[in-house]
Amino acid sequence: SLALKKRQICFVCRDIYPVLSGKDLSTAGGAEVQQMLLAKGLRDCGYSVTFLTGDFGQPDFEEIDGIGIVKFPFRFRENFGLGVIKFIAQLRKIRPEIIILQVHHHFLFMLVLYKMLSGCKLVKKMAIDSECTKKGMLDVGHPYVSFLNVLYLISLKFVDRIVFQTLYQEKTACDELKLSGCVIRNPAHFRNSGDLSIASEEARNIDVLWVGTCSPRKQPQVFLEIARSLPEINFTMIISPAKDLDFNREIASRAKAIPNVNYLGFVPYKDIFVYFKRAKVLANTSRLEGFPNIFLQAWQSATPIVSLTIDPDGIIRQHKLGRVSGGIIQMKKDILELLSDRSLREELGKNAQRYLIEFHSPDVIFKKTIDLIESLKCKD
């Protein structure tokens with residue numbers, strides 16, 4: 001009904017503003033892009049959508065493309081108690097019926113407090129696989145982070161709905177945390193199959209592309225090690241800086257010292273698709289993920305993937321979308337195999353687009369999300 005379609009949905013996402021505003025701030029990653037796509041899909045279905053996001057120098061409130069954006073500084077370390085009070089006070093101004101949290105699981109504790117005070121409904125979408133395990137949350141070696149992670153694990157028991165990106169996350173959370181939920185895959189970046197295209201072989205002038213955040217878990221140094229050992233191949237690196245400034249500088253310095261690496265640094269989301277279309281192969285060196293957004297971007301461009309270890313629910317192997325190497329030596333062999341066999345790359349690329357249409361079609365994903373939202377009955 002029209003009344004239901006006007007329900008107020010609030011995404012809590014500290015780093016979403018650069019993606020929503022299209023400004024080159026190099027702080028957002030794949031999770032932020034996914035939330036933007038989902039928010040725009042819900043907006044198009046008639047929902048009132050707001051983001052509570054961080055302070056990037058923007059006004060306290062603005063509206064972009066029909067989505068409300070509320071600023072909050074997200075500073076808790078200076079005074080945790082006061083920060084929590086201010087956070088809840090800001091939410092009381094927004095008065096959302098439904099809150100959705102994906103990244104920054106530390107905020108879940110505060111959202112549960114607000115839920116208890118307001119009667120709103122709370123949805124947690126698992127971001128990375130470690131959020132589904134006690135070990136992944138508690139073996140961090142930092143007292144403050146461990147404290148926040150304990151609060152997160154307790155808070156999960158009070159969430160109204162849990163959404164998993166993969167079947168693996170669902171099974172892991174059930175086995176290790178005794179949690180249940182539903183699997184809703186991430187939406188791809190096209191609206192219909194007519195938006196998909198395959199670049200000509202002549203246009204694919206990047207042999208191997210790497211896209212990600214400059215984070216240790218993304219292991220960009222592994223990509224550079226492979227590039228250095230294959231001097232006859234051209235590699236392109238697109239990388240967003242992370243909080244570890246020393247690691248950022250180290251990776252940039254190492255990349256610029258390798259002659260066959262084209263180090264581009266940060267490229268805004270709106271400009272990045274051309275690189276996926278130009279690539280013959282996308283390399284993924286991460287050691288921990290949920291469902292990498294770059295997989296969907298590559299497959300939309302019919303670009304096969306060579307992944308070091310990440311293969312969510314075994315889909316790369318099952319649907320023949322690329323290669324899962326398991327080690328650096330084999331990853332080099334897999335890259336060389338795909339680069340030397342054009343027909344194989346084209347076959348894998350076509351498989352990838354078929355997989356994308358069948359399992360990540362935005363309309364299907366939005367329908368499942370709406371069904372979940374409408375199953376949540378809020379207090380009057």
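Me: What should I know before I start?
Reply: This is a predicted model, so local features need pLDDT of at least 70 and side-chain atom pairs count only at pLDDT 80 or more, while totals for chains, interfaces and linings use all residues. Residues are numbered from 1 along each chain as its sequence is written, and side-chain values use heavy atoms, with hydrogens and water left out.

Me: Which residues of helix α5 are buried?
Reply: Two terms come up here. Helices (H or I, at least four residues) and strands (E, at least two) are DSSP runs, numbered from the N terminus. Buried means under 20% relative accessible area, exposed over 50%, and partly exposed in between, with a 1.4 Å probe and protein chains only. In α5, residues 108–118, the buried ones are Leu108, Met110, Leu111, Val112, Tyr114 and Lys115. Their cover includes β1, α4, β5, β6 and α7. Just after α5 comes Gly119, with a positive phi of about 80°.

Me: How many residues does the largest nonpolar core have?
Reply: A nonpolar core is a set of buried Ala, Val, Leu, Ile, Met, Phe, Trp, Tyr and Cys residues joined through side-chain atoms within 4.5 Å. The largest one here has 34 residues, and Val12, Leu52, Phe87 and Leu156 have the most contacts inside it. Elements giving two or more residues to this core include α5 and β7. There's also a second, separate core of 33 residues, with Phe51, Ile100, Phe366 and Ile373 among them.

Me: What is Leu156 in contact with?
Reply: Contact means heavy atoms within 4.5 Å. Leaving aside neighbours within four places in sequence, the partners of Leu156 include Leu108, Ile162, Leu177 and Leu179.

Me: How many salt bridges does the whole structure have?
Reply: A salt bridge is a side-chain nitrogen of Lys or Arg within 4 Å of a carboxyl oxygen of Asp or Glu. A search of the whole structure finds 19. In one of them, Glu289 and Lys218 have their closest N and O atoms 2.7 Å apart. Glu289 sits in the loop between β12 and α12, and Lys218 in the loop between β9 and α9, so the pair ties together parts that are 71 residues apart in sequence. Glu289 is buried at 6% relative accessibility, and Lys218 is buried at 14%.

Me: What about a salt bridge inside a helix?
Reply: An α-helix has 3.6 residues a turn, so residues three or four places apart point the same way. In α10, Arg249 and Asp246 are three residues apart, about one helical turn, and the closest N and O atoms of their salt bridge are 2.6 Å apart. Arg249 is exposed at 52%, and Asp246 is exposed at 53%.

Me: What is the nearest side chain of opposite charge to Lys125?
Reply: Lys and Arg count as positive and Asp and Glu as negative; His and the chain ends are not counted. Lys125 lies in strand β6. Lys125 is buried yet has no salt bridge, and the nearest opposite charge, Glu131, is 11 Å away.
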